[in-house]
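Please look through the sequence and the structure before reading on.

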Amino acid sequence: MVNAENMAEQILIIIVAGIGDVVLASKAIRALRLGYPNSKLHLLTSSEAALLAQNCPYLNQVYPFPIREFRSDMKAFPKIVGMVLKLRQEFFDVVLNLYRVSSPTGALKMGMLFSLLRTVQKIGHDHHGFGRFLDVSLTASTFEGRHVVDAMQEIALKAGGIPDDRGIEVYWNPEAETKWRSFFGSIAGKIVIGINPGGDRANRRWAPDRFAAVAARLVKRFDAQIVLLGGSGDRDIASSIIHAIPSGISNLSGTIPLEELPYVISRLDLMVTNDSGPMHIAAATKTPLVALFGPEDPRLFGPYTTPDLYRIVMKDVPCRPCGDKKCRKPICLEGIHPDEVLDACLDMLQHHCHR
């Protein structure tokens, strides 16, 4: 454990994961800033997540790590080497991995990265042998049976962080407020409901036609304005939903820069979403939300916000949690009926929207 006076000048936080995971880590990052008010906090994360993290006021520098690009294109390998060499030019008093190590291969890769970094102290949790590369390690059970936010904060506290009673946070580019003023002004007075039908994992996506059925009924009942969200890879999904709804819908899928997305989500009256990064952004912005869960356990990965701000719709199935990304019979999602999602939406609107 770092000395009580917390004199470390340079700390490198590693979260090589998606945008949702960086949002979930915000509580731990804040604890580190509270514990090290005068230190330089650096973050190494995925290229995509770096776009969100760059607006975090607790961080001094964010390094984008092109690991996801490498998985789809070997040509990205020189960029990975270049980033490691850049990090080796720095000397860190503390390097800590906040994210869970979920496989022996992952432990080996993270261990190799830790071995290449110049640091006094390496901190993380000992799972699948990752502890062999660490100076200070938490037990393999750190992430078991608890929300990932609390597990990551425990690692931060072990490194000298100081906890508080606040939840997760997300920040956006301040220019977003000016950029999107006219859009929200044009739908002022309406109930604005965001629909996020995509996600980076196919086994977490509810069927687009079912999202369309829920959206159409919300438009008819409330004259609501539906705002379709998603990345550039979700445009086909968005198009299929648009064709099923004749009016009252704005398709923003693939048009919102990631560093502006939190602001757009913060302006919604309700968010209906798959288990995804935008779900965690909604929780962080205190936006009321209805979340559809398939293979993952919401006790571990659910919205980290007050219970009154979300409803989870899911089916009890014997195969949850499931790591099969190519599941041929996703009964966990297929069993969810649009009526159940609509009921959850009506419940949230009743409690949080008084227009």
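The sections below treat the model, a sheet and a helix.

## Basis of the report

The model is predicted: local features need pLDDT of at least 70, side-chain atom pairs count only at pLDDT 80 or more, and totals for chains, interfaces and linings use all residues. Residues are numbered from 1 along each chain as its sequence is written, and side-chain values use heavy atoms, leaving out hydrogens and water.

## The six-stranded sheet

Six strands form an open sheet with parallel pairing, in the order β9-β8-β7-β10-β11-β12. Strands (E, at least two residues) and helices (H or I, at least four) are DSSP runs, numbered from the N terminus; two strands pair if DSSP finds at least two bridges between them. Because β9 (249–251) and β12 (310–313) stand at the edges with a single partner strand each, one side of each is left without a neighbour in the sheet.

Strands β7 (residues 192–196) and β8 (residues 225–228) run parallel and are joined by four bridges. One of the residues involved is G194, whose bridge partner in β8 is V227.

## Helix α6

Helix α6 (residues 104–116) has 13 residues and spans 19 Å from its first C-alpha to its last, close to the 18 Å expected at 1.5 Å a residue (1.5 Å times one less than the number of residues).

Residues A107, M110, G111, L113 and F114 of α6 are buried, meaning under 20% relative accessible area with a 1.4 Å probe, protein chains only. The buried residues of α6 fall within an arc of 160 degrees seen down its axis, so they line one face of the helix; the arc is that of the directions from the helix axis to the C-beta atoms.

Notes
Buried < 20%, exposed > 50% of the residue type's maximum accessible area, 1.4 Å probe, protein only.
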